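The dialogue below takes them in turn.

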Amino acid sequence: MKKTKNPTLRERRGPMQQKRRTVPLGMLRRFLAASIFSIVVTSFFFVHVHVSPSPTHHNFSDKIPSFYDPQSWTRELVPPYLFKTPLSVPKSKDSRKESDYDKLWKPPPNHGFITCTKPTPNYTTPTRSRGYLSVHTNGGLNQMRSGICDMVAIARIINATLVIPELDKKSFWRDTSNFSDIFDDEWFISSLANDIKIIKKLPKKLVNATKIVMQFKSWSGMNYYENEIAALWNSFNIIRASKSDSRLANNNLPPDIQKLRCRACYEALRFSPRIEKMGKTLVERMRSFGPYIALHLRYEKDMLAFSGCTHELSPVESEELRFIRENTTYWKRKYINPIEERSKGFCPLTPKEVGIFLTALGYPSKTPIYIAAGEIYGGEFHMADLRSRYPLLMNKEKLVSMEELQPFSSHGSQMAAIDYIVSVESDVFVHSYPGNMAKAVEGHRRVLGRGRTISPDRKGLVRLFDKLENGSMTEGKTLSNKIIDLHRRRLGFFRKRKGPVAGTKGLDRFRSEETFYANPLPGCLCRTESLSINASQYR
């Protein structure tokens, strides 16, 4: 008898029962798939909308944009054909916490100050000129810039027609650039048309006219120019200033003269279009790495020779610098004690010291740093320690090709102008020595409302660095806290310009003042709630 197999549970169920089970499962699969697709589409739409804000443009008078916004030297962005994709480096802003932003990048408060350079209601258009003021500028780029702006104000005071200034071509930098190679001369002339008359060169009929060549007295005020200098028009058609640096007082000038200096420096004296284009290109390429520091590393041969500072240099290097100083006729100081100079805080920080300083302030090793400087003395040998701390050290030569840089490379002042643009637009500006460029950038950033400008306390830092060298202190939290405390009030805060040091007399008194272009407050900046108040109340 053949055995029959017992039906399984599945077999005992009829076809209709099995179908009832499969139908709900199919429907469930389709429902889940539709739900997942809906969630993905909704999320994608939300993210797309969230990260696509409308574009904004920033004027010179705008406050510094937020941490995530781009800044630009003018209202334009770099043309697409100039963009160059940088090295693949993770952006520091992607992983930075908000507390780190406040600690390292957040701009100082402006306390209600805004740019106020427009003339007062009593200001008049220039009257008939009494003669011509020709100018031979002296020094590097930023020394010449401030001198040119002062000469604009002086031309107004003595009622002169200003001839486009001649740039210094014989000083240490040996730059053959003319005014129009560095500055936009047409804009300079037109933008100051309501202040003074400016011409590109003397008329041919005046080439042999009577003239006087002289050096104006340093840091002179209204009385000197209105009386002593203006009286020269009775005998001469042309007054030629053989030097331009520090010829006008920092303080105690009429508000309209101070405002004119501001308009000349921050509005009229615009760089030539090709320099501005290159500067904007570098700014955009630095921005592609995230927020960046511009470091004015004043560790070039001329600075070290002039200052007599030899810390961390070899005997051969020290001797080379001494030889340069002693054979540069227009440098007055010949014998300098480098140890004494450094202990007083008169020496620029070395690249190694800058690295220790930035580390102590809390800037991480991935921070992008733009080196705004000429050729560093000793090259990579002296840069090695700084580079080991901050590998993302960039400069002009690394951000653009040699072909792009070639038109500027043999002109020191044009290269300095490019560095100036990148420095003014940086998220943080740090200098190793408060020279002419550092002061000019600091003042310009105040006028534009840019970010932090850190001024190292070199005298205080030297004491700490010496403790590191002799082993009585090590890098870490203690050193970091001391350096942070030392610089809490040295971040570019808005404040009144510092007057002369107590007890100083004569020219030393003027020399000890904070320069007008390093801090044009009062002069270029006013409180928003007090714009109608006379500017004399801010003195």
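This is a predicted model: local features need pLDDT of at least 70, side-chain atom pairs count only at pLDDT 80 or more; totals for chains, interfaces and linings use all residues.

Q: How many helices and strands does the protein have, and what share of its residues is buried?

A: The secondary structure comes to 22 helices and 12 strands, and buried residues make up 49% of the 539 residues. Among the contacts with a separation of 6 or more, 79% are between residues 24 or more positions apart.

Q: Which residues have the most contacts inside the largest nonpolar core?

A: In soluble globular proteins, nonpolar side chains tend to be buried together. Here the largest nonpolar core has 81 residues, and those with the most contacts inside it are L133, F188, F216, Y225, I229 and F271. Helix α5 gives the most to this core, with 10 residues. Another core, of 42 residues, lies apart from it and includes Y101, L321, I369 and I376.

Q: What span should α5 have, and how far apart are its end C-alpha atoms?

A: The expected span is 1.5 Å times one less than the number of residues, so the 17 residues of α5 should span 24 Å, and the end C-alpha atoms are 25 Å apart, which agrees.

Q: Where do residues other than glycine take a positive phi?

A: Most residues other than glycine have a negative phi, and most peptide bonds are trans. Just after α5, N159 takes a positive phi of about 60 degrees, and N159 is found in the loop between α5 (141-157) and β3 (161-163). E312, which is not a glycine either, has a positive phi of about 70 degrees; E312 is found in the loop between α11 (301-307) and α12 (315-326), and at 31% relative accessibility E312 counts as partly exposed.

Q: Which residues does a cis peptide bond join?

A: A cis peptide bond joins L521 and P522, with omega about 5 degrees. P522 lies in the loop between α22 (506-511) and β12 (525-527).

Q: In which sense do β5 and β6 pair, and what unit do they make with α8?

A: Strand β5 (residues 211-214) and strand β6 (residues 238-241) pair in the parallel sense over 4 bridges, and V213 has R240 in β6 as its bridge partner. Together with helix α8 (residues 222-229), β5 and β6 make a right-handed β-α-β unit.

Q: In what order do the strands of the open sheet run, and which are its edge strands?

A: The open sheet has 5 strands in the order β9-β8-β7-β10-β11, with parallel pairing. The edge strands are β9 (393-394) and β11 (452-454), each of which pairs on one side only. Strand β8 (residues 369-371) is joined to β9 by 2 bridges, and Y370 has M394 in β9 as its bridge partner. Helix α18 (residues 412-424) packs on the sheet, touching β7 (293-296), β8 and β10 (428-431), and its direction makes about 155 degrees with that of β8. Helix α19 (residues 436-448) also packs on the sheet, touching β7, β10 and β11, and the direction of α19 makes about 155 degrees with that of β10.

Definitions and conventions. Residues are numbered from 1 along each chain as its sequence is written. Side-chain values use heavy atoms; hydrogens and water are left out. Buried means under 20% relative accessible area, exposed over 50%, partly exposed in between (1.4 Å probe, protein chains only). Two strands pair if DSSP finds at least two bridges between them. A crossover is right-handed if, with the strands pointing away from the viewer, the path from the first strand over the helix to the second runs clockwise. A nonpolar core is a set of buried Ala, Val, Leu, Ile, Met, Phe, Trp, Tyr and Cys residues joined through side-chain atoms within 4.5 Å. Contact means heavy atoms within 4.5 Å. Axes are lines fitted to C-alpha atoms, for helices over the stretch in contact, and angles run from 0 to 180 degrees between N-to-C directions.
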